[in-house]
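This briefing is meant for a reader who is meeting the structure for the first time. Please keep the sequence and the model side by side while going through the points below.

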Amino acid sequence: MAGAKKNFKATKKFEQRHLKGVLDQRKTNAKAKQRQQVKAKKQTKKANDAEFYKGNEDGDKSSKTNGNKKTANVNDMSVDDFFGGGFEIIEKSQPGKKTPKKLGKRKRDEPDEDESASGSDLDVSADEHPVASGSDDSDNEDVEEDIGMSKGVMDALAEDDPEFYKFLKENDPGALEFDDADLAEVDELSAGEEEEQPKKKRKKDKKQIDKAEDSDEDAGSDKELTQAMVARWKVAMSETFSLRAARQVVLAFRSAAHLNQDDAEEERKQSYTISSPDVFHDILVVALKQIPEVLQHHVPIKESSSGKVHVPTDSKKFKTLSVLLKTYISAILHLLGTLSDDATLKLTLSAITPLVPYLLSFRKLLKYLIKTVVGFWSQSTSSDTTRITAFLVLRRLVVVGDKGIREAVLKATYQGLIAGARVTNVNTVQGINLMKNSAAELWGLDQGIGYTTAFSSIRQLAIHLRNSIVHNQNESYKTIYNWQYIHSLDFWSCVLSEHCSPLKEAEAGKESQLKLLIYPLVQVTLGAMRLIPTATYFPLRFHMIRSLLRISRSTGTYIPLASALLEVLNSAEMRKSPKPSTIKALDFHVAYKAPKSYLRTRVYQDGVGDQVMDLFSEYFVLWSTNIAFPEFALPVIVMLKRWLKQSRKRNVGNNNTKVRSSIVLLVQKLEANAKFIEGKRARVDFAPRDRSQVDNFLKDFEWEKTPVGAYVVAQRKAGAEKQKMLEQARKEDERKRKEEEREAIEENGVDMDEEMDEDDEEIDGLDEDDEEFTDDDDEE
């Protein structure tokens, strides 16, 4: 037993102290073994290619050259001997000329002088943004670190033996891969494009290109970015879609994005320094407007009529430009966190939209992009322009992305909406409504994915409601009675009302998949509405009734809401006479809970009465042309008349004449509409069992011409004017408050100046006293 306990302790100590290191060492050894295997495969492939190109004739030559390692002419060597000789550059023997350095792969432990001097300029660090697209990409990058060569060595080979350099370029381009992480592959691609141009054009432009490169090198030596450089790059990208210019623009744009960061925070030094605001503005505009155009020119996107896009990801150009693309997007995402101007934010977000199809291969970068864009879309401080621009990026992702991307975008959008709706007031409610209306469109682009995400979200809302009912504790209701829950139910009502309407279904030619979610959403909303049926939460009940009315109006679904409104009228708050009060009227649009100071007051009772009458009229106008309206409205008319009779009692009734008069007017309109329908259906010649004829009864008749419809039109117009007056009053109060704050600041500034003047006078008086004492001492 003691031995087993001792072994257990030793195992535990080993896990705590050494296990992590042992696992890391095993992973390192496995990666090194994998690199060696890849290296061996490449060497075997090169040897086979050499045999294929040279044939059996080189067998005799190889035996001769093996005996002599250094040959006067490279043409006398075969490719096998050249590779077997360790990539030794063989020059013509000239006096006074030094032997160039060895070409082969540098050892892993030896630091590269070029890399130590310049650093990996365009490697996106993990601290900056995640850019890897998966494990395959990371493995390929590790292998390329071992196989590549330095750019300087290969340039020397091109000068010393251009024929062999051209042979390598045509038959083995992989041998020319450089370890220069500063987007050198883009330059190689640019050189390849220039070789494809006619010779006359190359000779004509050679002087200009050399001159521009010399000036860039001179300017790059002190790392100072100038407007002349930006203008030259702009012209090159506009006229010839130059990748060299695009590379420099991306480097300068990344430097501009990291401009405000200290060197201590950066893992590497940026390629350029920017000291002029004009240069900063120019490089941002050029990069954000023209880099997408250059990428679309070199790697065009093919888009079908159904919205599917095809990007040639297997092409060499795309693989070469992927580094530039990831660096560019990473710089944009970093720049977005430092911007506050609406115009600049719009320009920056707009640059992402055309590049969305290229980013589908980079999952980690795409995940961070979605999170960042949703953050700007849901941020309460964002303007409407910024929200709309960010939404266009999200919509483009849903249109061109696969199912995984669509699900990720929909989930992130819903989470951003709920997070942005935490604080609701007169200043933020407009932006929240914009988010709900815009996000509702995304769930109709792919209703299969939309159904699964909507179902899981509505199910989660139902679970919260059930837990609040089952675990009936003091604070359990707060998980339901908050702005986030209210806006969530309202948002799903927006989604269902937009995509389940008969017009949308007729356009699609089939029934909407989301229509199955109407019943569970209505049940959850009705349950949350009646969780705490007190007068304090009447505003919350009105919000939820409006959400259900939207579903009923758009989809034609009957939802019984009259009982929920009658419960408000029959509550103790509305059956008794109110207390007189002079407090400000409660804004029901931005409140879900009434403060205690409003309860039993005339102001609150008048507001509740207006809300109940508006909701009753909106509820009955939906069925104002229905053939069963008289029977449908009769129970409500009876209950309203009973409430009016009860309110006329002296001691226990409600003497609020405003509420009573509004109820009397509603009863009159309901009775008039019932007589109107009775007169219309008295002339029909079909039975109630003929469903098609029943459904077509007054189908083409305008609801505004019915008695209830005309009443609702007038009510809406009066409500809009009232809301406009309240908005003007709020703006006036805001303006006066800011003026008072400004005056208070100015008065405080004047008081501080007077106090400082008094202090200066006291100090001057002390100095004079000191001088008098000094004079007296001198006289003595």
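How many disulfides does the structure hold? The structure, which is a predicted model, holds zero disulfides.

**Cysteines**
- C494 has a relative accessible area of 7% and is therefore counted as buried, the cut-off being under 20%.
- C500 is likewise buried, with a relative accessible area of 1%.

**The largest nonpolar core**
- The largest nonpolar core has 162 residues, and those with the most contacts inside it are L225, Y328, W443, W492, F616 and L640.
- Helix α14, which covers residues 316-336, gives the most to this core, contributing 11 residues.
- When neighbours within four places in sequence are left aside, L640 is in contact with L566, L569, F616, I663, L666, V667 and L670.

- Helix α25 (residues 562-569) is largely enclosed by the rest of the structure, because six of its eight residues are buried.

- L251 lies in helix α12, which covers residues 243-257, and L251 is buried, with a relative accessible area of 2%.
- Although L251 and Y328 are 77 residues apart along the chain, their C-alpha atoms are separated by 8.5 Å.
- T389 has its place in helix α17 (residues 384-400), where a relative accessible area of 7% makes T389 a buried residue.
- Not counting residues up to four places away in sequence, T389 touches K346, L349 and S350.

**A nonpolar patch on the surface**
- F14, L19 and L23 form a nonpolar patch on the surface, and together they have about 230 Å² of accessible area.
- L19, one of the residues of this patch, is found in helix α2, which covers residues 19-54.
- L19 counts as partly exposed because its relative accessibility is 30%, which falls between the limit of under 20% for buried residues and that of over 50% for exposed residues.

Key:
Residues are numbered from 1 along each chain as its sequence is written. This is a predicted model: local features need pLDDT of at least 70, side-chain atom pairs count only at pLDDT 80 or more; totals for chains, interfaces and linings use all residues. Side-chain values use heavy atoms; hydrogens and water are left out. A nonpolar core is a set of buried Ala, Val, Leu, Ile, Met, Phe, Trp, Tyr and Cys residues joined through side-chain atoms within 4.5 Å. Buried means under 20% relative accessible area, exposed over 50%, partly exposed in between (1.4 Å probe, protein chains only). Helices (H or I, at least four residues) and strands (E, at least two) are DSSP runs, numbered from the N terminus. Contact means heavy atoms within 4.5 Å. Patches are made of residues with over 30% relative accessible area and no salt bridge: like charges are joined within 9 Å, nonpolar side chains (Val, Leu, Ile, Met, Phe, Trp, Tyr) within 5 Å. Accessible areas come from the Shrake-Rupley method with a 1.4 Å probe; for residues, only the protein chains shown count as cover. A salt bridge is a side-chain nitrogen of Lys or Arg within 4 Å of a carboxyl oxygen of Asp or Glu. A disulfide is a pair of cysteine sulfur atoms within 2.5 Å.
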